[in-house]
Amino acid sequence: MRVVVLFTRDLRVHDHPALWEATRVADEVVPLFVLDPLLLARSPNRGRFLAQCLIDLDRSLASRGGRLVVREGDPAAQAAALAGAYGCDAVFVTEDVSATARARERRLREALAPLGVELRTCPGNAVVEAGAVHPSERTTYRVFTPYLRAWRAHPRRTVLPAPRAVRTPVDVEPGRLPHPAAIAPTATDLPPGGEGPARRRLRRFVADGTGRYGDLRNDLAADATSRLSPYLRFGCISATEAAAIGGGADRSGEWIRQLAWRDFFRQLLHAHPWMVARDLRPHRAVRTVADDRLLDAWAQGRTGVPIVDAGMRQLLHEGWMPNRARLITASYLTRTLGVPWQEGLRIFDRHLLDGDPANNAGNWQWVAGTGVAPRRGAALNPVRQAQRFDPRGDYVRRHVPELAHVHDARILRPWVDADLLAATGYPAPAAGPIT
Ligand SMILES: Cc1cc2nc3c(=O)[nH]c(=O)nc-3n(C[C@H](O)[C@H](O)[C@H](O)COP(=O)(O)OP(=O)(O)OC[C@H]3O[C@@H](n4cnc5c(N)ncnc54)[C@H](O)[C@@H]3O)c2cc1C
């Protein structure tokens, strides 16, 4: 028996149910990745990270006797063509929730049916898959706390080892892996993609960070979160394995709770694929107006509000931002500047290595008050947020070099001193001083 394993956002060999099952039932396995040029163009940062992930995956497969086969174009059409051309009996794929992923699965099923090739979907992208838990009267949880209760009570999948051997047929033309150096990212300081780096990062976080996460996760200067999000985004580590390994050392339970947020937004996107563009609760929406000048200032980290600019500049340099900075910058854009959340989501999606439809839209809507937050809530005051989460200004100093030499309280409110603004070239606040 020959099986194609179509890799998508599951770029690993450990705890990979589809790959595991394929190596168990088939004599030969064709591990396939299809490069979609449209997706690559959306975020060069993610494009480069993806290219590194694929090299890492190819090495892992090679060390087990196999290899990664690469094609370009529409994943459904390419997978079906490959299965047909090489006489494969089935295609295995990991379930996913976005509209794009589900349309791909539908097209793949349709393309395989006339060839008599089976399509098998397997779990693997979540701790608790979308639809596995739901309230008695509905298909989806809209409130997090009851979801968390159900999520915690739901039995976990057993973590699978990497298969010992993967035999890829020798007659399959391997295609060309993309070259990371050929993709120019917009950020200069990106972590390496791949399962190897993901596993090392998780081990380091468990050794140094999980225990203090509950106390420090919102402390912007401490940088005490796992930074695993890009690896979870591309499935370089499975959320189930991350929960099993990270959960053991997570005294406060706060870290595991974040993984539950991830699954919460996944089940929401599964039920409401349009939430990437439209308000989940339109009646809650506050009037917003597209304003290119304010949006540009925000996107470039030049709003004149240091804590906001520090977050946005970290995003530009690292393709990543801690959750607290995302909350502050998103609240400032939507609630203070009055710009629609969809504009902010688009900028985040371009730069974030972890850019993901469920988490990005779910969180933007949460901040804008159009999503599933139980109350509408108010704008976060960025000065008060800075006083609480970056009281010494260390995070601002790290990311806003013009202010690196300001060693007093003015660093959080530089507009109080016109001479300071003139001397540093730091802008006056685009939307007026914050009181
Ligand atoms: C406006 C806005 C946009 C966001 N966009 C994204 C996005 O596109 N992709 C993305 O992965 N996260 C997004 N987040 C959620 C969160 O900020 C990041 O997941 C987190 O900062 C990643 O850092 P970490 O890996 O160190 O997280 P940790 O604190 O170590 O948490 C572990 C994991 O839990 C998950 N997680 C943590 N916080 C959240 C959350 N609020 N919602 C859902 N999952 C969470 C992530 O997978 C994360 O890697 C967004 C948050 C906001 C406020």
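Helices here are DSSP runs (H or I, at least four residues) and strands are E runs of at least two, numbered from the N terminus. The model is a predicted one, in which local features need pLDDT of at least 70 and side-chain atom pairs count only at pLDDT 80 or more, while totals for chains, interfaces and linings use all residues. Residues are numbered from 1 along each chain as its sequence is written.

Helix α15 is mostly covered, with 12 of its 12 residues buried; among them are Trp-364, Gln-365 and Trp-366. A residue counts as buried if 20 or more other C-beta atoms lie within 10 Å of its own, as exposed if 12 or fewer do, and as partly exposed in between, with C-beta atoms placed from the backbone. Just after α15, Gly-369 takes a positive phi of about 80 degrees.

Most residues other than glycine have a negative phi. Asp-15, however, has a positive phi of about 45 degrees. Asp-15 lies in the loop between β1 (2-7) and α1 (17-25) and is buried, because 23 other C-beta atoms are within 10 Å.

Arg-227 also is not a glycine and has a positive phi, near 55 degrees. Its loop runs between α7 (195-216) and α8 (229-233). Arg-227 is partly exposed, because 18 other C-beta atoms are within 10 Å.
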